[in-house]
2 protein chains.
Amino acid sequence: MNATTGARERLVAAAQQMFAAQGVGATSPRQVLDASGVGQGSLYHHFPTKHDLAVAAVGATVDDALAAARRDLDPGDAGTEDPVARVVAYLERPRDALAGCKVGRLTSDQAVMDDDGLHDVVTAYFVRLLDAVAATLREAGLPDAVARDRAHAAVAVVQGGYVLARATGDPDAMSAAVRGFVALLRTPAPTEGAR
Amino acid sequence: MNATTGARERLVAAAQQMFAAQGVGATSPRQVLDASGVGQGSLYHHFPTKHDLAVAAVGATVDDALAAARRDLDPGDAGTEDPVARVVAYLERPRDALAGCKVGRLTSDQAVMDDDGLHDVVTAYFVRLLDAVAATLREAGLPDAVARDRAHAAVAVVQGGYVLARATGDPDAMSAAVRGFVALLRTPAPTEGAR
């Protein structure tokens with residue numbers, strides 16, 4: 001890693017932190033520059049506009065989040081072949097509920113929603129996450145439409161769990177939502193055994 | 001209704017609209033004043049500070065949202081005594097998915113989270129909503145802890161459904177989450193019939 005690469009990574013890491021803490025719209029490139037400790041020339045060399053910096057930082061956050069979900073859903077990493085148990089592992093992964101989802105919160109950030117390039121990065125995250133959960137549920141023998149709906153419900157419970165935790169100031173609100181959903185998920189449907 | 005009452009109501013309605021469109025933090029009392037069409041004196045008479053205006057407007061939004069949920073859950077309004085059907089009515093109520101939840105989105109609004117008075121209004125909404133859904137599920141014979149967890153999951157699916165719809169730009173993402181959850185909710189657990 002040369003000095004220039006280090007500067008780029010420090011800028012991206014600082015932007016990721018500030019976006020998570022205060023949103024994209026409220027964060028200026030100047031604040032990221034100050035927090036990163038790199039020189040001003042490096043900022044404009046790597047990221048000529050705020051848009052460029054935001055796409056890099058949101059992209060890095062999305063890559064991290066997707067990698068975590070894929071570990072939960074991977075038979076090797078999860079330590080079980082059981083598809084439902086792997087979806088439960090994704091649901092029950094410990095999360096900083098009061099901080100909110102670093103990706104999900106971006107959907108309430110007008111600066112993100114108004115920027116097509118940024119919005120596309122957020123969209124791609126959820127499309128890939130939903131595909132990964134649905135693919136896992138299909139392994140459990142669910143028809144595609146049922147697996148897709150159930151995957152949407154699973155991801156929504158996590159996203160909504162963050163909203164409930166932040167709204168009530170109680171991280172257990174997210175745990176309760178996950179417990180309630182997992183209890184239903186583990187109940188075999190009378191017809192599913194027959195498929 | 002006298003002229004003063006009308007001005008207060010117009011200010012609150014304008015603030016509710018602007019908060020929903022662009023958030024509390026990004027909305028100035030001046031913008032609300034211009035949108036409401038009332039005189040400047042009325043604004044400062046009714047709402048000496050932005051905090052006062054925000055508490056009134058967020059309070060009105062919360063009252064509307066809670067009244068809608070209670071209609072879904074009320075046996076008379078829902079047209080059925082069946083508790084699960086009433087929770088399904090709450091889940092399946094048509095929503096403007098791409099606009100996001102007027103209350104839920106406030107949890108991503110730093111200006112709301114940093115203002116204890118406003119945060120309390122948002123907290124009270126979710127506490128009451130969760131209580132109402134849990135009370136309905138207890139009527140279905142669920143033990144209190146199970147009913148509370150399931151109520152958290154139900155409200156989380158709606159909140160997370162909004163996040164998925166906004167993230168993907170597709171209102172059907174919310175419908176899919178609700179369909180996936182309702183399918184699980186309607187599956188009787190093997191042990192529940194025995195209770």
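Me: What share of the 195 residues in chain A is buried?
Reply: Buried residues come to 51% of chain A. Keep in mind that this is a predicted model.

Me: And what is chain A built from, in terms of secondary structure?
Reply: Helices: chain A has 10 of them and zero strands. Its C-alpha trace spans about 65 × 35 × 30 Å along the principal axes. Of the contacts with a separation of 6 or more, 63% join residues 24 or more positions apart.

Me: Why is α6(A) called roughly antiparallel to α10(A)?
Reply: Look at the angle. Helix α6 (residues 83-92) and helix α10 (residues 172-185) of chain A pack at about 175°, with axes 10 Å apart. Anything over 145 degrees counts as roughly antiparallel, so α6(A) and α10(A) get that label.

Me: Which residues meet there?
Reply: From α6(A) come V84(A), V87(A), V88(A), L91(A) and E92(A), and from α10(A) come V178(A), F181(A), V182(A) and L185(A). That contact divides into eight nonpolar residues, no polar ones and one charged.

Me: Over to chain B. What makes V62(B) buried?
Reply: Its relative accessible area is 5%. Buried means under 20%, so V62(B) is buried. V62(B) sits in helix α4 (residues 50-73) of chain B. Leaving aside neighbours within four places in sequence, V62(B) is in contact with V103(B), V121(B) and Y125(B).

Me: How does the reach of α8(B) compare with the expected one?
Reply: Helix α8 (residues 116-139) of chain B has 24 residues and reaches 34 Å from first C-alpha to last, close to the expected 34 Å.

Me: What comes just after α8(B)?
Reply: G141(B), which takes a positive phi of about 90°.

Notes
Residues numbered from 1 in each chain as written. Chains lettered and ligands numbered in written order. Predicted model: local features only at pLDDT ≥ 70, side-chain atom pairs only at ≥ 80, totals over all residues. Heavy atoms only, no water. Axes fitted to C-alpha atoms, helices over the stretch in contact; angles between N-to-C directions. Helix = DSSP H or I, 4+ residues; strand = E, 2+ residues; numbered from the N terminus. Parallel < 35°, antiparallel > 145°, perpendicular 65-115°, else oblique. Contact = heavy atoms within 4.5 Å. Nonpolar A, V, L, I, M, F, W, Y, C, P; charged D, E, K, R; others polar. Buried < 20%, exposed > 50% of the residue type's maximum accessible area, 1.4 Å probe, protein only. Expected span 1.5 Å × (residues − 1).
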